[in-house]
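Hi,

Here is the structure I said I'd pass on.

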Amino acid sequence: MDFDEMFSYLNQFRASANSYLSQYDPLALVFAPIMTLFFARIVHSIFRLILEKGLKSVTMEFVMASVKLVPGVQRYIDAEKQKVVDQLQGSGKSKRDGWMTELPRAGLGDEVIDKMKDEKQKDVAWQGKCSGTVYIAGHEQEGHFSLINEACSMFAHTNPLHLDVFQSVVRFEAEVVMMTAALLGSKEKASGGQICGNMTSGGTESILLAVKTSRDYMKAKKGITNPEMIIPISAHSAYDKAAQYFKIKLWRVPVGQDFKADVRSIKRHVNRNTILIVGSAPGFPHGIIDPIEELGELASTYGICFHVDLCLGGFVLPFARKLGYPVPPFDFSVQGVTSISVDVHKYGLAPKGTSVVLYRNHEMRKHQFVAVTEWSGGLYVSPTIAGSRPGGLIAGAWAAMMSLGLEGYMENTRKIMEASKIIEKGVWQIPELFVVGRPDMTLVAFGSDTLDIFEVNDLMSSKGWHLNALQRPNSIHICVTLQHVNVTEDFLKDLRDSVQTVKANPGPINGGLAPIYGAAGKMPDRAMVQDLLVDFMDSSC
């Protein structure tokens with residue numbers, strides 16, 4: 001077919017099309033495609049929303065949004081939410097009454113220390129009573145507490161941003177990272193021999209950096225511009241924060257009946273936009289280690305990143321394994337693991353605000369850094385989210401690790417593992433309770449099929465215990481630390497007494513939070529629960 005013949009066919013087609021369309025109004029012909037595209041976009045958005053949140057959740061949000069349009073309904077809901085916020089805060093009276101809102105006219109000088117001591121006396125008694133929270137044994141003015149306090153004080157003025165000035169702190173950070181990496185497989189051949197990382201302000205920052213780095217690495221490697229990550233529902237909420245900060249679509253998938261990450265469910269969500277999957281060793285809610293080897297194999301098969309959250313387990317599992325506890329593979333010896341987060345300020349017994357993020361190689365870690373070349377203030381490069389960082393905390397972490405050494409961590413691990421097993425066994429011996437799953441480490445979560453477990457938690461709170469309330473299933477847990485080694489029997493006695501009290505007199509205690517936790521767990525409108533949390537935080541900080 002030559003050009004003239006093709007042109008003739010096109011003219012015939014144009015004439016036929018014009019003849020057919022002449023029966024329609026010109027404006028209709030202009031607006032019809034536009035409106036079609038508009039409605040197609042709406043339908044696509046609805047289907048995408050249903051795919052992400054589920055039909056039930058989307059329907060509930062639509063119904064609630066419609067109900068709120070009724071005059072007076074939104075005002076009533078806001079008033080009820082404020083009542084809940086006040087109850088969460090413990091009283092209707094603002095805790096900010098009497099707080100300083102501007103500088104004093106005359107400085108207090110050394111007297112400020114006395115004022116701080118007075119304020120400190122108002123803190124609740126936490127020794128041996130808090131789930132997690134404080135991981136060092138003893139009292140604040142003695143032993144390991146005293147050592148890291150002195151180390152922090154000695155380097156309180158330092159900042160590793162100034163590499164040429166505070167060379168000691170720069171060395172401390174590098175050595176903390178390398179010593180931590182050595183615990184997590186960097187010396188093994190399977191690791192590749194390039195494990196590297198940085199210190200951060202805590203587990204959340206370590207996770208944020210790992211997610212950001214994975215996003216940028218996969219963009220450079222595969223050209224992914226609409227990134228998605230897949231996590232089990234037991235994974236830490238820091239991943240939700242990362243998804244919001246870095247514009248990553250987040251898929252939360254159910255865990256198996258053993259409360260471990262369901263590899264098959266995760267696999268079903270992998271697609272061409274997947275940048276990252278996640279496993280925990282162990283997960284915060286139940287102290288259970290996800291199937292890291294299987295997840296690593298999945299990540300390797302699809303060529304995606306795999307982050308292991310060892311914020312809790314990093315300074316326990318390596319030593320527990322040496323002590324003979326059955327610990328499945330969890331570190332860089334597992335093929336497919338590309339990054340790990342581990343908190344030094346938990347079982348590493350370092351000062352609060354110290355964590356480490358590790359990567360399998362330098363090629364990946366480079367995507368963590370931010371380098372700026374066009375700033376009038378000069379050339380700038382920073383490894384973590386913070387620019388200036390407290391050198392005192394880095395020094396405190398180094399001092400903690402060097403002072404304890406391998407033998408010190410081994411002994412601490414022996415104590416807390418034994419204490420957690422005593423508590424787990426004691427919970428099983430209470431007929432009304434059950435342990436959630438099979439804990440691999442030092443967290444024991446427990447619930448009840450016959451009692452309101454949150455009422456039990458309220459009674460434990462009245463006895464001075466500070467435990468963590470969980471959901472799906474409703475349960476509470478204790479994260480066992482060195483503070484609990486000598487109080488396991490006290491804990492179990494109070495727990496048995498609380499269970500019997502609830503059994504004999506079911507119902508919320510005055511000022512307890514059981515009704516709120518129970519209602520929040522059953523409330524189908526999760527957006528309203530989210531609003532409650534935001535309002536509570538807004539009034540608390």
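About 40 Å³ of space lies in the second largest cavity. A cavity here is a set of points, on a 1 Å grid over the protein atoms alone, where a 1.4 Å probe fits but cannot get out (lining residues have an atom within 4 Å of a point). Grid points are joined across faces, edges and corners, and a volume is the space filled by probe spheres set on the points. Before you go further: this is a predicted model, where local features need pLDDT of at least 70 and side-chain atom pairs count only at pLDDT 80 or more, while totals for chains, interfaces and linings use all residues. Residues are numbered from 1 along each chain as its sequence is written, and side-chain values use heavy atoms, with hydrogens and water left out.

Back to that second largest cavity: its lining is made up of Ser234, Phe259, Gly283, His286, Gly287, Ile288 and Asp290. By class that gives two nonpolar, four polar and one charged residues. You'll find Phe259 in the loop between β3 (249-253) and α10 (263-269). Helices (H or I, at least four residues) and strands (E, at least two) are DSSP runs, numbered from the N terminus.

The count is two cavities of 30 Å³ or more. The largest one has a volume of about 40 Å³, and its lining includes Phe315, Tyr347, Leu349 and Asn412. At 5% relative accessibility Leu349 is buried (under 20% relative accessible area; exposed is over 50%, partly exposed in between, with a 1.4 Å probe and protein chains only).

Now for the strands. In β4 (residues 274-280), seven of the seven residues are buried, so this strand is largely enclosed by the rest of the structure. Strand β2 (residues 228-232) runs parallel to β4, joined by three bridges (two strands pair if DSSP finds at least two bridges between them). Met229 stands opposite Leu276 in β4. With strand β5 (residues 305-309), β4 pairs in the parallel sense over five bridges, and Gly279 has Val308 in β5 as its bridge partner.

What sits between Ala281 and Pro282? A cis peptide bond, with omega near -5 degrees. Pro282 is in the loop between β4 and α11. There is another cis bond from Arg472 to Pro473, with omega about 5 degrees, and Pro473 lies in the loop between β12 and β13.

Those last two strands belong to an open antiparallel sheet of four, in the order β10-β11-β13-β12. β10 (434-435) and β12 (468-470) are at the edges, each with a single partner strand, so one side of each is left without a neighbour in the sheet. Inside it, four bridges join β11 (residues 443-447) to β13 (residues 475-479), and Ala445 has His477 as its bridge partner in β13.

Over to you!

Definitions and conventions. 1 Å grid on protein atoms, 1.4 Å probe; cavity = no way out; pocket = protein on both sides within 12 Å on 5 of 7 lines; lining within 4 Å. Nonpolar A, V, L, I, M, F, W, Y, C, P; charged D, E, K, R; others polar.
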